[in-house]
Amino acid sequence: MRGVLLLLLVLFAFVAVACRRPAVAPPEPPPTVTVKKTEVDWKAQLSDEAFHVLREKGTEAPFSGKYHDDHAPGTYVCGGCGAKLFSSDHKFDSGTGWPSFYQPIDDKAIAYHEDTTFGMTRTEVMCARCGGHLGHVFDDGPKPTGKRYCINSVALNKK
Ligand SMILES: [Zn+2]
């Protein structure tokens, strides 16, 4: 019995080491992603700005986007794949210069990832369908959720 345990332990250690990816590998897309395209295809489809945000996890300048001051009713969809992500019903004026929502239109529409870049620990928000980077979510939003989804305008389209 001990021999079996030891064998399992060695096997586990081997798998753990073998599966460790090099640091330069891009992060795995969320497991929910069903829209998969090459970076070349995304580049052909998206504007340079949208590609930078959605596929390279960039951030648009505050107050520069088309939706930070938008108050008309509607549904905000992913700029990459068209998935419904946010509703004007949940939008609020955060004063940050980025469109802000206190919740997504559907919890399953969003994938989350811990982002430790720039010396901060933040929660990255992605489109669950195509893995496109949308922005981050913070815990300083208004009621009823207390969340602030801080989203790049360029990652969204409105229907
Ligand atoms: Zn998408």
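Which residue in the turn of the hairpin formed by strand 5 and strand 6 has a positive phi? Pick Phe118: its phi is about 60°, and the turn leaves six residues between the two strands. Before moving on, bear in mind that this is a predicted model, in which local features need pLDDT of at least 70, side-chain atom pairs count only at pLDDT 80 or more, and totals for chains, interfaces and linings use all residues. Residues are numbered from 1 along each chain as its sequence is written.

**The whole chain**

Colour by secondary structure and you get three helices and nine strands, in the order α-α-α-β-β-β-β-β-β-β-β-β along the sequence. Helices (H or I, at least four residues) and strands (E, at least two) are DSSP runs, numbered from the N terminus. The protein chain has 159 residues, and 29% of them count as buried; that takes 20 or more other C-beta atoms within 10 Å of the residue's own, while 12 or fewer makes it exposed and anything in between partly exposed, with C-beta atoms placed from the backbone.

**The loop at Gly141**

Now zoom to Gly141, in the loop between strand 7 (133–138) and strand 8 (148–151). Is this glycine buried or exposed? Gly141 counts as buried because it has 20 C-beta neighbours inside 10 Å. Leave out neighbours within four places in sequence, and Gly141 is in contact (C-beta atoms, placed from the backbone, within 7 Å) with Tyr102, Gly146, Lys147 and Arg148. Draw a C-alpha to C-alpha distance to Phe101 too: 8.2 Å, for residues 40 apart in sequence.

**The other hairpin**

Jump to strand 1 (residues 75–78) and strand 2 (residues 84–87), antiparallel and joined by three bridges. Val77 sits opposite Lys84. The hairpin has five residues between its strands, and Gly82 in the turn has a positive phi of about 85°.

Select helix 3 (residues 48–56) and show Ala50, Phe51, Val53 and Leu54, which are buried. The buried residues of this helix pack against helix 2 (39–45) and strand 7.

Last stop: the largest nonpolar core, with 27 residues. Such a core is a set of buried Ala, Val, Leu, Ile, Met, Phe, Trp, Tyr and Cys residues joined through C-beta atoms within 7 Å. Leu85, Cys127, Ile151 and Ala155 have the most contacts inside this core. Helix 3 gives the most to it, with four residues. Finish on Cys127: setting aside residues up to four places away in sequence, Cys127 touches Cys78, Gly80, Cys81, Ala83, Leu85, Gly132 and Leu134.

How values were computed: Contact = placed C-beta atoms within 7 Å. Pairing = 2+ DSSP bridges.
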